[in-house]
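Hello,

Here is the structure for you to look over. My notes on its pockets and cores follow.

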Amino acid sequence: MRFHPATLLFAWGSFVMFLQPLGLVPLAVVAAIILPLCLNFARWRTLVLVRRARWLLLSIAVLFVLATPGQRLPGIGGELGLTEDGLVLGGEHLLRLVLLLASLALLHEYLGTSRMMAGLYWLLAPIAGWRAMRERIVVRLMLVLDHVENSPARNWRDWLLLDAPGPDRLALAVTATRPADWIVMLLVFAAALAFGGAT
């Protein structure tokens, strides 16, 4: 059975929320399950997303490792100001971000840009009547994704200098949801509530 893109996007969003309260050990367990799947089925997208976020990842690591108070590490690490709490918090945030990016790459690989945007368009239905915001958000995201995927530029400096026209027309095929989609979204929502109450 093939679910509506909105159902899979909703499930991905719930997965991201599920990651937030997890500590380092549970995150490592989730990463041991999810990352091999992402590298197997969406290797290129996963590696590209992580590579493009490398400076953000490095900034998070430095910020938490060097600026978190706590028990200092023994030896030279402690003399440099490194703490156990900083290493744990830095590891947690790095794993969360890597899991978010990798799972998004896997979802993008499975759905493709058009279906992914169709799912987002469906999920943005509550703001459909507000100054055409739903259409603006989806069109701009589609243009960005098209530019990033099809541009010959290799880095952000090349993108700034690139003067290439965008596509003349964007197609978005929005399909209706089925009862199975609603059942899955309700189950995911109920699981998220139960997990949130348990934590």
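**Pockets and cores**

The largest pocket has a volume of about 480 Å³. A pocket here is an open set of points on a 1 Å grid over the protein atoms alone, where a 1.4 Å probe fits, with protein on both sides within 12 Å along at least five of seven lines; lining residues have an atom within 4 Å of a point. Points are joined across faces, edges and corners, and volume is the space filled by probe spheres set on them.

This is a predicted model: local features need pLDDT of at least 70, side-chain atom pairs 80 or more, while totals for chains, interfaces and linings use all residues. Numbering runs from 1 along each chain as its sequence is written, and side-chain values use heavy atoms, without hydrogens or water.

The largest pocket is lined by 20 residues; Leu49, Leu104, His108, Met116 and Leu145 lie nearest its centre. Helix 6 gives the most, 8 residues. Helices are DSSP runs (H or I, at least four residues), numbered from the N terminus.

The second largest pocket holds about 270 Å³. Its lining includes Phe15, Ile34 and Tyr110.

Phe15 and Ile34 also belong to the largest nonpolar core, which has 11 residues. Such a core joins buried Ala, Val, Leu, Ile, Met, Phe, Trp, Tyr and Cys residues through side-chain atoms within 4.5 Å; buried means under 20% relative accessible area (1.4 Å probe, protein chains only). Helix 2 supplies the largest share of this core, 5 residues. A second, separate core of 9 residues includes Met117 and Met142.

Best wishes

Terms used:
Helix = DSSP H or I, 4+ residues; strand = E, 2+ residues; numbered from the N terminus. Buried < 20%, exposed > 50% of the residue type's maximum accessible area, 1.4 Å probe, protein only.
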